[in-house]
Amino acid sequence: MTATQERVTALREQLVAWRRHLHMHPEVGFAEVQTSQYIFDELNKMPGLTVTRPTKTSVLAVLKGGKPGRTVLLRADIDALPITEENDFEFKSQNEGVMHACGHDGHTAILLGTARMLSEQAQDVPGEIRMIFQHAEEFGPGGAEELVMDTPLMDGVDVVTGLHLNSQLPAGMVAVKPGAFMASPDMIELTIQGKGGHGAHPEETVDPIAVGAQVVTNLQHIVSRNISALDSLVVTIAKFQAGTTHNVIPDSAELMGTVRTFSPELRQQAPKLIERVIKGVCDAHGASYHLRYEFGYRPLINTDWVADILRDVALAEVGPEHFQVSKPTMGGEDFSAYLEKAPGAYFNVGSGSDTSDSRWPHHHPRFTIDEQSLETGVHMMHAAALKLADPATAVPQPG
């Protein structure tokens with residue numbers, strides 16, 4: 001066992017304690033008051049860190065190393081979800097209707113552990129390590145956007161990285177992917193306005209349910225007939241509400257859905273293609289409509305050379321038997337906001353195992369993590385910070 005492995009192993013009980021405290025006291029985005037105070041207090045116990053609050057419920061810890069090097073930003077998200085937990089752990093959520101159902105409690109514990117390890121070796125750390133405990137990842141427009149746009153967090157940052165625990169990967173596995181990794185999660189809200197009436201006399205109405213059904217069907221033609229098969233686009237209508245009883249055709253129908261792609265260019269085309277379909281169907285049947293198209297987070301496109309460095313770190317830290325290339329996902333992440341300002345890469349650490357009943361999908365009321373994943377996360381974040389900050393690590397030069 002190496003000295004670093006011994007240090008991480010020695011942190012095991014503390015990592016679990018941090019994670020379980022956070023799991024018991026979850027708070028949703030922009031309301032992480034107690035969560036951020038707990039993080040703030042824990043960081044202030046560590047030597048050599050400058051701890052501040054760039055926003056009301058985010059926390060930043062800065063370590064200025066004893067050697068020259070780059071400025072690296074490490075990120076963990078800290079918010080929970082409005083879900084009622086169905087687990088029966090001793091440390092289950094004590095806040096009714098709120099739960100850490102996506103692993104952010106684990107992300108926070110991992111970055112706290114990384115901060116402690118780096119602070120204890122400050123004189124040997126190159127450059128400057130910034131550790132942002134970010135609020136409101138789950139709630140658009142997202143805490144990352146606020147930090148990037150309204151604070152000097154990214155000033156002078158050379159490279160950024162972060163991780164996400166993944167219950168669908170075995171605990172201890174690390175997965176990294178260059179290029180397109182996560183999609184842009186945009187949203188549509190559509191009202192179709194018809195003319196209501198008696199269900200026995202549809203000829204006297206403009207039926208918004210019939211029109212809406214055709215809209216849903218025809219929107220899928222955008223993917224199958226307007227987009228190259230080599231591109232990726234998802235158009236999902238997930239909500240369709242209309243009517244109150246069996247024999248009354250309503251005046252209107254309400255639809256909501258999501259639009260996802262990896263391509264910034266296709267993302268800009270999608271609203272026009274979608275409205276063209278909606279308008280055509282509504283015009284054909286004498287209905288009108290109101291469409292609201294809301295852009296969410298940008299596609300998360302990892303910088304190739306940063307992902308390559310993370311791959312090398314993973315091979316060294318966990319070995320080739322615990323490494324794989326990530327599969328892209330149509331899920332979204334506001335980590336993409338940081339990548340607008342600096343090169344970087346986001347990666348996965350497996351947190352699932354059958355023995356700890358931690359294979360439940362993210363955002364499920366039974367979601368949990370195998371806590372062995374916390375140690376893997378610290379190994380990766382600690383080693384990645386040192387590697388990326390080291391001026392001896394070769395990186396492409398601008399121009």
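Ile227 is buried, with a relative accessible area of 11%. Buried means under 20% relative accessible area, exposed means over 50%, and partly exposed lies in between (1.4 Å probe, protein chains only). This is a predicted model: local features need pLDDT of at least 70, side-chain atom pairs count only at pLDDT 80 or more, and totals for chains, interfaces and linings use all residues. Residues are numbered from 1 along each chain as its sequence is written, and side-chain values use heavy atoms, with hydrogens and water left out.

Where is Ile227 found? Its place is the loop between H6 and S10. Helices (H or I, at least four residues) and strands (E, at least two) are DSSP runs, numbered from the N terminus. Not counting residues up to four places away in sequence, Ile227 touches Ile222, Leu233, Leu266 and Leu273. Contact means heavy atoms within 4.5 Å. Pro141 is 86 residues from Ile227 in sequence, and the two are 27 Å apart in space, C-alpha to C-alpha.

Now take the sheet that contains S10. Strands of a sheet pair through backbone hydrogen bonds, either parallel or antiparallel. Here two strands pair if DSSP finds at least two bridges between them. This open sheet has 4 strands in the order S10-S12-S8-S13, with antiparallel pairing. Strands S10 (233–242) and S13 (288–294) stand at the edges with a single partner strand each, so one side of each is left without a neighbour in the sheet. From one strand to the next, the twist averages 20°. Inside the sheet, S8 (residues 184–193) and S12 (residues 252–261) pair in the antiparallel sense over 10 bridges. Met187 has Thr258 as its bridge partner in S12.

Helices pack on this sheet. H6 (residues 208–226) touches S8, S10 and S12, and its direction makes about 175° with that of S10. H7 (residues 264–285) lies across S8, S10, S12 and S13, running at about 165° to S13. Axes are lines fitted to C-alpha atoms, for helices over the stretch in contact, and angles run from 0 to 180 degrees between N-to-C directions.

Another open sheet has 8 strands, in the order S1-S2-S4-S3-S5-S16-S6-S15, and its pairing is mixed. Its edge strands are S1 (49–52) and S15 (323–325), each pairing on one side only. Strands S6 (residues 174–176) and S16 (residues 344–352) run antiparallel and are joined by 2 bridges. Val174 stands opposite Val349 in S16. Helix H8 (residues 304–317) packs on the sheet, touching S5 (159–170), S6, S15 and S16, and its direction makes about 35° with that of S16.

Finally, look at helix against helix. Two packed helices are described by the angle between their axes and the distance between the axes. The axes of H3 (residues 33–43) and H4 (residues 104–119) come within 11 Å and cross at roughly 15°. H3 and H4 are therefore roughly parallel to each other. Angles under 35 degrees count as roughly parallel, over 145 as roughly antiparallel, 65 to 115 as roughly perpendicular and the rest as oblique. Ile39, Glu42 and Leu43 of H3 make the contact with Thr108, Leu112 and Ala115 of H4.

How do H2 and H4 cross? The axes of H2 (residues 12–24) and H4 come within 8 Å and cross at roughly 140°. H2 and H4 are therefore oblique to each other. Residues in their contact include Trp18 of H2 and Leu112 of H4.
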